[in-house]
Amino acid sequence: MIPEPGKCSFYDTYIPIKQAQAQPGMINFGYGSPRPPKDITLIARRALRQEDADVFCPYDLPQGQLTLCKQIAQMLVHQGLEVFPEDLIITNGSQQGLSLAMNYYVKPGDWVIVEAPTYYGAISILENLGARIIGIPMTAEGMNLDLLEQYLHSHRPKLIYTITTFHNPTGLTTAQAHRQQLLALAEKYNCPILEDNAYEGLNFEPVPPPIKALDKNDVVTYLGTFSKTLMPGLRVGYMVVTGNNYQTIIEQKLLYDFHTSSISQIIVSEYLASGHYRRHLNKLRIDNLQSRYMMLQALERYFPEEARWTVPTGGLFLWVQLPDDLPIQKIRSEALAQNVYLACHSAFFPDKQGYPAMRLAFCLPQEDIEQGISIVGKLLKKYISKGHEQISNYQPLAYSI
Ligand code: PMP
């Protein structure tokens with residue numbers, strides 16, 4: 001069930017996480033997905049019962065249903081991003097948005113900038129496209145901008161991929177100043193930005209508006225999704241694409257799959273119209289905040305003092321940095337033997353190596369957090385006391401509190 005070292009494609013990473021999810025009694029720290037809202041079935045039934053619902057029409061428009069686009073545009077205003085419904089494309093999850101945008105901007109052999117670590121699903125798309133990937137190390141403030149400028153100057157990349165809020169896997173959120181500087185650099189070197197905001201809405205504290213909100217020159221393509229707030233199985237995400245970029249991308253969307261499922265769109269639309277969404281988000285944030293607290297407590301209690309972890313102000317994950325030379329693969333196998341699943345850390349690095357670390361999903365039941373963290377903590381202490389205590393020269397993203 002554990003992928004071999006080096007075998008870290010999206011498929012190699014995703015399938016074991018799903019298998020772990022299906023095992024009864026498994027504590028799965030690899031899976032970051034919210035509990036679906038209890039009233040979703042009710043809302044879904046109501047949506048499909050509506051006489052004027054366009055659900056059963058033969059084919060829909062590639063950009064998605066106008067009602068949903070209008071609702072999303074309204075929702076984005078609350079996050080500080082003003083867009084026209086006409087700038088939106090409803091996608092099959094933000095994964096499809098990543099594919100569409102990356103296919104649009106990147107040709108085989110092009111250089112592309114990503115954060116290191118970053119979301120492995122994006123790395124795999126770029127690899128598939130034959131892109132050459134430059135991983136800019138994450139700092140506690142976000143991607144290292146000095147290094148970014150050096151690479152923009154020397155390699156003239158065709159795209160910068162960034163997860164600005166509750167970054168996957170570190171959980172970090174960049175400040176307004178970092179966003180402004182990143183945009184200024186992208187404009188200076190004429191390099192478009194793909195801003196992935198898959199965890200938007202899951203904030204415990206106010207977050208700065210997305211980079212897209214600062215974009216006056218159609219430099220930024222923005223991605224969002226309902227996978228982390230409603231249900232990933234609905235496969236409803238969206239892109240904000242402005243200016244000349246829109247037409248080519250919408251034509252590609254039509255080629256990919258005509259359009260996103262009308263039924264899924266109508267369910268999301270009904271959920272947004274019902275007024276339940278805001279209430280659901282509030283509950284999700286409270287639950288996640290509580291879970292994050294439980295996990296921080298457990299980490300403090302059970303993890304060795306050499307471990308350092310981030311304290312995200314939202315999202316679903318935190319990131320633990322570990323001493324160098326730890327036999328992580330062995331630790332993962334031993335944890336699995338005790339029914340605890342840990343995602344493969346190297347999958348998050350474009351070089352498939354990175355440094356020893358763990359991405360831990362905290363949206364788990366309280367008792368699982370306590371038990372799972374104590375099991376992993378004991379394993380870490382066992383190997384650290386065997387002489388693997390050397391701290392690597394990565395930049396610490398945060399210190400244990
Ligand atoms: N972007 C990021 C950063 C993610 O973590 C994920 C899924 N985990 C996605 C995009 C894709 O999600 P979806 O297609 O379900 O919207």
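What follows is a short exchange on a predicted model.

Trainee: What should I know about the numbering and the model?
Mentor: Residues are numbered from 1 along each chain as its sequence is written. The model is predicted, so local features need pLDDT of at least 70 and side-chain atom pairs count only at pLDDT 80 or more, while totals for chains, interfaces and linings use all residues.

Trainee: Why is strand 8 called largely enclosed?
Mentor: A residue is buried if 20 or more other C-beta atoms, placed from the backbone, lie within 10 Å of its own; 12 or fewer makes it exposed, and in between it is partly exposed. In strand 8 (residues 220-225), 6 of the 6 residues are buried, so the rest of the structure largely encloses it.

Trainee: What makes both faces of strand 8 covered?
Mentor: V220, Y222 and G224 on one side are buried, and so are T221, L223 and T225 on the other.

Trainee: How do you know that strand 7 and strand 8 pair?
Mentor: Strands are DSSP runs of E, at least two residues long; helices are runs of H or I, at least four; both are numbered from the N terminus. Two strands pair if DSSP finds at least two bridges between them. Strand 7 (residues 193-196) and strand 8 have 4 bridges, in the parallel sense. D196 has L223 as its bridge partner in strand 8.

Trainee: In which sense do strand 8 and strand 9 pair?
Mentor: Antiparallel, over 4 bridges, with strand 9 at residues 237-240. There, M239 stands opposite L223.

Trainee: What makes strand 2 and strand 5 edge strands?
Mentor: The open sheet has 8 strands in the order 2-9-8-7-6-3-4-5, with mixed pairing. Strand 2 (88-91) and strand 5 (142-143) each pair on one side only.

Trainee: Why is strand 13 also described as largely enclosed?
Mentor: Of its 5 residues (357-361), 5 are buried, so strand 13 is largely enclosed by the rest of the structure. A357, R359 and A361 lie on one side, M358 and L360 on the other. Strand 11 (residues 317-321) joins strand 13 through 5 bridges, running antiparallel. F317 is opposite A361.

Trainee: How many residues surround the ligand?
Mentor: A residue is near a molecule if its C-beta atom, placed from the backbone, lies within 6 Å of it. 13 residues surround the ligand, with G93, S94, Q95, T225 and S227 the closest. Helix 4 (residues 93-105) gives the most to that shell, 3 residues.
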